[in-house]
Amino acid sequence: MMKHLIRITFLLIILFHQAALASERLKVAVAGLNHDHVFLLLNLYKDKKVDIIGIAESNKTLSKKIQTQYNLPAALFHQDLHSLLAHVTPDAVLAYNPTDEHIHVAEACLPLKIPVMVEKPLATTLYDAKRIAHLSKQFETPFLVNYETTWYKSNQKLKELVDKGEVGQITRMLVKDGHEGPKEIGCSDYFLDWLTDPKKNGGGAIMDFGCYGANLMTWLKNGEKPISVTAFTQQLKPKVYPKVDDNATIILNYRDGSTGIIQASWAWPYSVKDLQIFGTKAQLYAKNDKELLKYTQQNGPPTDIPTTIPYFEHHIAYLEQVLKHKIIPENDLGSINNNVVVVEILEAAKRSATAGKTIVLN
């Protein structure tokens, strides 16, 4: 009898603990499912690291596909975001929809004081970016942008070393971001439909991958925007991407004489996301998410810098801390301040590429 009671008590403790963990998980609603990065969130849901309490998606075929794949209750799905928010009050809304629709998510959520996180970039136009920033400030509610490279420990360690002065004054920043192309790597048709649309995505590779470099450089320059932007775009695969660019180079000039060069492409032989910083004392090279090298001599071998620093594994872990007021984003990689500058850079880059001249920023 005593053993039976002990066993029951033990099971009750486990159930209570599981219930407590479930109650602590972030409760999010999802705006849109046609951005393939949504699978990162869905897998976190599957691993019980986040709770999804509602999904807004107008495409019923796509909704049914995701519902079946992740065994989601049908009651979670709504035709649009306004209908969803009439039924649930999430801790935050995560948007996985076309970039030009981020403004609509802001207008629906921020007046209700519901925090938002969207996939990069913030917006397709500077007008929309500033409108989102205004709403975020007006309603004192966070609006954040998620980039894959934010969670690279190599980038976080690089920034730490830059802030400590270990490279001296930055003279040049070089960011390469790209892959074989969204169609070539197998992005879904739902994603490709808008990713290759000049209005919904705002461009091609210049937006999809150019935003990474603008984001990282604005962060490294502590929020400072460049004084001028020069850009060149190409269509190396016009039959595959007839409506948008698939290759772009963006050059940023700063007041102190330093330069940033962003190389963005859908036409490389393999995937690249790296960051190089040249300074008056040393060069730092973040080869990928984990490897960081430091060069101090012309012909000397580089030093391998450990990147096992404490930082967030993904956007949900970061968002949780922001909502608990343990982190104030300010000029973080995902902050509204940083990302308004990013959109200003991208808009100037598109104007430069079209006009064939350098664009001076006010």
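**Entry 1: a pair of neighbours.** I started with D289, which is partly exposed, at a relative accessible area of 29%. I keep in mind that this is a predicted model. Next I checked K290 and found it exposed, with a relative accessible area of 57%. The side chains of D289 and K290 form a salt bridge, with 3.0 Å from N to O. While on the topic, I also noted a network: K157, E160 and K164 are joined by salt bridges that share partners.

**Entry 2: the total.** How many salt bridges does the count come to? I got 16 salt bridges. As a reminder to myself, side chains of opposite charge can pair when their charged atoms come close.

**Entry 3: D208 and K120.** I picked this pair out next. Their side chains meet in a salt bridge at 2.7 Å, N to O. Where do the two residues sit? I found D208 in helix α9 (residues 205–208), while K120 is in the loop between β5 (116–119) and α6 (126–138). The pair therefore ties together parts that are 88 residues apart in sequence. Are D208 and K120 buried or exposed? I found both of them buried.

**Entry 4: a pair inside one helix.** I moved on to K159 and D163, whose side chains form a salt bridge at 3.2 Å, N to O. Both belong to helix α7, and because they are four residues apart there, about one helical turn separates them. I looked up the accessibility of K159 too: its relative accessible area is 9%, so K159 counts as buried, the cut-off being under 20%.

**Entry 5: what α7 packs against.** Two packed helices are described by the angle between their axes and the distance between the axes. For helix α7 (residues 153–163) and helix α10 (residues 210–220), I noted an angle of about 30° and axes 11 Å apart. That makes α7 roughly parallel to α10, since angles under 35 degrees count that way. The crossing of α7 past α10 is right-handed.

**Entry 6: who touches whom.** Which residues of α7 meet α10? My list for α7 reads N155, Q156, L158, K159 and V162, and they meet L216, W219 and L220 in α10. Sorted by class, this contact of α7 with α10 has five nonpolar, two polar and one charged residues.

Note on methods. Residues are numbered from 1 along each chain as its sequence is written. This is a predicted model: local features need pLDDT of at least 70, side-chain atom pairs count only at pLDDT 80 or more; totals for chains, interfaces and linings use all residues. Side-chain values use heavy atoms; hydrogens and water are left out. Axes are lines fitted to C-alpha atoms, for helices over the stretch in contact, and angles run from 0 to 180 degrees between N-to-C directions. Angles under 35 degrees count as roughly parallel, over 145 as roughly antiparallel, 65 to 115 as roughly perpendicular and the rest as oblique. A crossing is left-handed if the near helix is turned anticlockwise from the far one by less than a right angle, and right-handed if clockwise. Contact means heavy atoms within 4.5 Å. Ala, Val, Leu, Ile, Met, Phe, Trp, Tyr, Cys and Pro count as nonpolar, Asp, Glu, Lys and Arg as charged, and the others, Gly among them, as polar. A salt bridge is a side-chain nitrogen of Lys or Arg within 4 Å of a carboxyl oxygen of Asp or Glu. Buried means under 20% relative accessible area, exposed over 50%, partly exposed in between (1.4 Å probe, protein chains only).
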